[in-house]
Every structure is written in structure tokens, then in C-alpha cells.
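Here are a few friendly notes to read alongside the coordinates.

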Amino acid sequence: MAFVITAPCKDELAAECVDVCPVDCIEKGEDQYYIDPAICIDCGACQAVCPVEAIYYEEDLRPDEQPYFEKAKEFFSK
Ligand code: SF4
């Protein structure tokens, strides 16, 4: 399981999450940040500081947000 960054991050790129992640698993993509699901330890620290509420636990994603989890996996598979 992992936390996932969704649509509100797009072009917002606030980056508060990057500073608080204890395992440094958040990286900047072209238009949003991504969480590496293979490294995330589900601590929730990033969710607590996101100013645009873009971060959700994988199991709490709405169906229309599911593609953001796929995008994250794809981003880190490169
Ligand atoms: Fe990092 Fe914790 Fe957020 Fe996972 S839940 S991305 S480990 S801050």
C-alpha cells in the first residue's frame, strides 16, 4: 500500500510533502509530484502537510483518481 498524489498537485507543486517524507520517496515529475509506492511506508506525514489536499491513501482513492496511482508506478518504473 502507499499514499498517492492526485490532481490538485498539478501545476501547484507546493512541495511541502518532499520535506517531511522520512524515506525520501517523493520526486518531482513534469507537472506534479509522485510518491514511489515501492518505498512509501504509509506514515501519512505528506498528507498532513499538503496545502491543496492532493494526497490520499491508496485504498481511499476515488475511482476517477485511480489513474494517479498507475501514473506513479509508471513514473518510477523508468
Ligand atoms: Fe513519504 Fe510517509 Fe507520504 Fe509515504 S506516506 S510518501 S513515507 S511522507
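1. Let me begin with Thr6, which counts as buried because its relative accessibility is 0%, under the 20% cut-off. Please keep in mind throughout that the model is predicted. Thr6 is part of the loop between β1 (3-5) and α1 (16-20). Once neighbours within four places in sequence are set aside, the residues in contact with Thr6 are Ala54, Tyr56, Leu61, Glu65 and Tyr68.

2. The loop between β1 and α1 also holds Ala15. Do look at the backbone here: phi of Ala15 is near 75°, a positive value in a residue other than glycine.

3. Asp42 is not a glycine, yet its phi is positive, at about 60°. You will find Asp42 in the loop between β3 and α2. With 28% relative accessibility, Asp42 counts as partly exposed.

4. Cys43 lies in the loop between β3 and α2 (45-49) as well. Its relative accessible area is 45%, so Cys43 is partly exposed; the exposed class would need over 50%. Which residues does Cys43 touch, not counting those up to four places away in sequence? They are Phe3 and Pro22. In sequence, Cys43 and Phe3 are 40 residues apart, while their C-alpha atoms are 8.7 Å apart in space.

5. Cys43 leads us on to the ligand, being listed among the closest residues together with Cys21, Cys40, Gly44 and Cys46. In total, 14 residues surround the ligand. What is the make-up of this shell: how many nonpolar, polar and charged residues? The shell divides into 12 nonpolar residues, 1 polar and 1 charged.

6. Now for the rings. A pair of aromatic rings is described by the distance of the centres and the angle of the planes. The model has 3 aromatic pairs by the rule applied here. One of them joins Tyr34 and Phe75, with 4.5 Å centre to centre and 25° between the planes. Because planes under 30 degrees apart count as stacked, this pair of Tyr34 and Phe75 is a stacked one. The pair links distant parts of the chain, 41 residues apart: Tyr34 belongs to strand β3 (residues 33-35) and Phe75 to helix α3 (residues 66-77).

7. Phe75, at a relative accessible area of 22%, is partly exposed. Phe75 also pairs with Phe76, and here the arrangement is edge-to-face, with 5.0 Å centre to centre and 90° between the planes. Through these ring pairs, Tyr34, Phe75 and Phe76 are linked into a cluster.

How values were computed: Residues numbered from 1 in each chain as written. Predicted model: local features only at pLDDT ≥ 70, side-chain atom pairs only at ≥ 80, totals over all residues. Heavy atoms only, no water. Phe/Tyr/Trp six-rings, centres within 6.5 Å; stacked < 30°, edge-to-face > 60°. Helix = DSSP H or I, 4+ residues; strand = E, 2+ residues; numbered from the N terminus. Buried < 20%, exposed > 50% of the residue type's maximum accessible area, 1.4 Å probe, protein only. Contact = heavy atoms within 4.5 Å. Near = heavy atom within 4 Å. Nonpolar A, V, L, I, M, F, W, Y, C, P; charged D, E, K, R; others polar.
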